[in-house]
Amino acid sequence: MPSSDPPAEPTRPLLEIDGLSKSFGGERALDRVSLTVARGEVHGLLGRNGSGKSTLIKVLAGYHAPEHGGRLVIDGRPVPLPIPPGGLRQYGVAFVHQNLGLIPSLTVVENLYLTELAARNRWRLSYRRLSRRARALFASYGLAIDPETEVRRLSPVQRALLAIVRAVGELRRTTRATHKGLLVLDEPTPFLPRSDVEHLFALIRSITATGASVTFVSHDIDEVTKITDRATILRDAKVVATVPTAETSAERFVELIVGRKLSAVRPVAREVPQRDADIRIEDLSGGTLEGVSVALRRTEIVGLTGLIGSGFDELPYLLFGAPPARSGRLHLGDSRFYLDRLDPPQAIDAGIVLIPGDRLNAGAVGSLTVTDNVTIPVLSTVYRPWLLSRRAMTGRTGRLCRDFDIRPNNPGLRFDSLSGGNQQKALVAKWLQADPRLILLDEPTQGVDIGARRTVLDAISQMAGRGAAVLCASSDFDQLASICTQVLIFSHGRVQSELVGDEVRKETIAEHCYGSTGGGFNPVSMGAAT
Amino acid sequence: MTADSTGPDTRSEITSGRPRRRRLVDYAERYGLVIAWLMVIALFGAILPTTFLSWANFSTIFGSQAVLVVVALGLIIPLTANDFDVSIANVLTLSSMIVGVLNVNFDLPIGLSILAALTAGVLVGLINGFFVTVMRIHSLIVTLGVGTFIHGLTLWMSDSATISGISMGLVKYVMIARLFGIPLAFYYAMILCAVLFYIFEHTAVGRRVLFVGRNREVAKLSGIRTERVRIGCLVASSFLGALAGVMYAGTTGAADPVSGLSYLLPGFAAAFLGATSITPGRFNPWGAAVAVYFLVTGITGLTMLGFRTFVHELFYGGALVIAVTLSQLVSGREERF
């Protein structure tokens with residue numbers, strides 16, 4: 001043991017965070033956060049989007065500098081703050097982020113020993129030896145991964161397992177004799193099928209069996225209950241509580257996350273799509289979605305929401321044929337469409353429009369003018385396609401700019417010179433000018449200022465009032481509560497519950513999102529317990 | 001339907017004038033290439049007042065380089081849709097060789113020979129389009145391979161030899177007949193410029209090509225059938241390549257299997273250089289035409305001064321890199337029209 005190290009105290013926590021704070025432009029992201037992670041434990045970190053858990057991880061990973069006054073101690077050694085990017089590696093802390101950091105076109109071995117291969121200055125590499133080493137490593141964890149396949153051919157769970165094994169390997173190389181290291185898993189599960197999560201848990205258990213600690217960041221209560229020993233819950237930038245998992249009920253977790261006493265939630269029966277509905281989506285499968293059916297009427301605004309990875313945000317694109325679904329039918333008035341054969345031009349002809357969430361990569365071409373972008377879908381319906389009049393197009397766009405309050409009202413400006421809010425208003429104008437029957441929205445007010453948000457939501461409500469049906473995918477519960485007549489909550493590719501009428505409130509939506517993650521916990525039993 | 005009258009209240013808001021200085025910079029940029037061309041003419045005119053500044057010299061430049069204008073016009077169509085067609089020069093030689101072989105060796109009427117050549121061009125475009133869209137292979141690779149393959153066909157059907165004696169009817173309507181002292185070939189190229197300009201600027205098809213080129217995802221989500229547009233662009237470029245081949249056969253009265261290949265690089269140089277002027281930031285037909293004549297004038301002047309043929313390579317190669325650099329700088333700024 002190097003002499004500079006203080007004597008190891010086996011009882012002292014491995015990681016101690018004390019009074020860590022961070023603000024972004026006056027907004028508190030972390031407010032005097034304190035927590036400890038014991039040796040050999042799996043510690044859960046729970047909270048909603050924006051509760052501060054990702055900011056905390058980013059501070060530890062060295063992406064953000066915390067404010068003065070906080071302290072960080074690892075294995076009894078104080079760590080100077082701020083941490084440089086990747087600086088905790090030498091303290092025996094390794095991270096696996098949600099994107100996993102793998103290179104899909106390289107093989108498993110190459111990914112596994114990437115840092116080693118990059119850093120070591122050797123002319124001759126024995127891939128045979130590395131392969132053998134990788135095989136032995138996987139065997140020791142009971143994993144069946146072929147070291148020579150390309151990573152892109154692995155299943156999602158195999159990729160996650162590989163990233164974790166790689167991080168553990170890093171721990172081995174850097175860890176001192178006094179402790180076995182800490183592995184931080186930043187939401188590794190949302191995109192995994194439920195049945196595969198068990199494989200991941202088995203791996204986590206075998207890691208802690210060696211004495212290492214794991215911090216497991218998640219918003220899935222069910223998973224946290226299954227795998228963690230203790231859990232810390234963050235809400236509004238503060239630590240609400242740290243609780244021993246075994247002694248905490250799922251209801252208590254939801255309460256801590258959402259921040260209020262649970263009311264008795266009535267069991268919500270999934271209604272069979274009504275016969276008299278104007279628009280029916282039947283048995284849609286595609287992407288993560290499996291057998292989704294939705295019925296809605298004209299003038300209705302139906303919200304789609306759920307946790308990340310639940311698939312709610314894929315529905316608008318699948319209904320637009322971009323990409324086509326695996327199967328499913330869409331009844332729109334008297335016409336019927338097979339969703340595995342639908343493409344965007346057909347969708348538009350049928351009166352369906354999609355306003356994508358990614359404005360500059362999917363919504364509009366930033367380097368062209370507002371006029372070019374706004375008129376593109378109506379070129380052959382509003383104008384003579386072989387004799388376009390620039391003046392008429394500019395005039396029409398000018399009027400749309402006025403109606404939708406797009407500022408500055410200058411159709412000749414480049415689209416990307418508009419602010420985010422005005423870009424969104426222009427996209428709304430682009431699509432709503434054609435009087436659609438079904439409007440599909442993906443995060444319509446993401447990155448949009450309050451004024452523009454109002455305009456966008458008003459325009460949508462107005463279109464609904466004039467007879468259109470609206471499906472709005474959003475993770476903003478506030479917004480859903482303010483415009484929707486009905487909200488569908490998705491979980492693992494299916495509609496888990498359906499809120500209507502009085503139930504469409506911010507708190508209820510949150511409860512159902514966090515409470516409806518399936519498995520051993522459901523809102524019905526929760527209602528009975530209260 | 002176009003009676004989209006602009007209300008008086010909106011018009012005043014829309015056409016708020018730009019500051020005068022900006023407008024000046026604007027003009028300088030739009031017509032910079034034209035000005036540069038005039039300066040090159042003035043420079044060589046001062047050095048070689050009798051030989052260079054003769055009408056005969058200019059009518060030759062205008063007439064003989066019309067083929068290059070057509071090649072450059074062919075290139076800007078797929079370039080606007082963000083695809084490359086490097087097979088265009090091979091299509092040019094194939095087409096002129098088809099005219100030669102059918103007209104001279106098989107004694108077919110010239111009209112039928114031309115029709116066969118143009119049909120071959122369309123076929124090559126469809127093959128390119130198939131591999132690019134259905135097989136999803138990068139257009140540069142597809143057209144490089146297909147172009148080389150076609151070149152093989154050209155060598156095979158010609159026995160690697162030049163075929164001369166093509167019908168004077170074709171030569172007459174391309175090079176011999178003149179209007180204001182300039183061969184008709186030049187006017188064909190100008191008519192084509194005008195047609196392409198109209199399509200790009202004033203038709204829905206032109207707008208769609210532009211969107212497909214700028215962002216395929218946005219185009220797709222706007223309801224554009226992007227694959228169809230890309231195939232169409234590749235067919236159009238091959239068709240223009242074949243047309244250039246017919247004109248090439250008419251310019252020389254013969255078909256040779258190799259010399260037409262040298263049009264590829266100047267064509268790209270002119271396409272990119274043209275994108276820095278007239279409608280800066282966009283590939284545009286008038287810019288491409290001006291760029292062709294700018295480049296050719298410079299080369300003719302240098303050749304007359306006694307530089308030998310290596311000057312072609314220096315000039316065209318340098319122009320391509322400089323043009324691409326310039327268009328990169330221009331595209332970062334505001335769109336205007």
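I began with the contact between the chains, which takes 39 residues from chain A and 26 residues from chain B, where two residues are in contact if their C-beta atoms, placed from the backbone, lie within 7 Å. Sorted by class, the side of chain A that touches chain B has 21 nonpolar, 11 polar and seven charged residues, with Ala, Val, Leu, Ile, Met, Phe, Trp, Tyr, Cys and Pro counted as nonpolar, Asp, Glu, Lys and Arg as charged, and the others, Gly among them, as polar.

I note that this is a predicted model, in which local features need pLDDT of at least 70 and side-chain atom pairs count only at pLDDT 80 or more, while totals for chains, interfaces and linings use all residues. Residues are numbered from 1 along each chain as its sequence is written, and chains are lettered from A and ligands numbered from 1 in the order in which they are written.

**Chain A overall**

I recorded 19 helices and 20 strands in chain A. Of its 530 residues, 48% are buried, a residue being buried if 20 or more other C-beta atoms lie within 10 Å of its own, exposed if 12 or fewer, and partly exposed in between.

**Helix 16 of chain A**

I looked up the buried residues of helix 16 of chain A and found A:Ala452, A:Val456, A:Ile460, A:Met463 and A:Ala464. They cover an arc of only 115 degrees around the axis, which puts them on the same side of helix 16 of chain A; the arc is that of the directions from the helix axis to the C-beta atoms. These buried residues pack against strand 13 (301–306), helix 15 (420–432), strand 17 (438–442), strand 18 (469–473) and helix 17 (477–483) of chain A. The face turned away from the buried side carries the exposed residues A:Ile450, A:Gln462 and A:Gly465. After helix 16 of chain A comes A:Gly467, whose phi is positive, near 115 degrees.

**Helices 6 and 7 of chain B**

I also examined a helix pair in chain B, where B:Val124, B:Ile127, B:Asn128, B:Phe131 and B:Val132 of helix 6 meet B:Ser139, B:Val142, B:Thr143, B:Val146 and B:Ile150 of helix 7. By class, this contact has seven nonpolar, three polar and no charged residues.

Most residues other than glycine have a negative phi, and most peptide bonds are trans, so I checked for exceptions. The peptide bond from A:Leu81 to A:Pro82 is cis, with omega near -5 degrees, and A:Pro82 lies in the loop between strand 5 (77–78) and strand 6 (93–96) of chain A. Another cis peptide bond joins A:Ala322 and A:Pro323, with omega about 0 degrees.

A:Glu187, although not a glycine, has a positive phi of about 45 degrees, and A:Glu187 is buried, with 21 other C-beta atoms within 10 Å. A:Asp236 is likewise not a glycine and has a positive phi of about 45 degrees, but A:Asp236 counts as partly exposed, with 14 C-beta neighbours inside 10 Å.

Key: Helix = DSSP H or I, 4+ residues; strand = E, 2+ residues; numbered from the N terminus.
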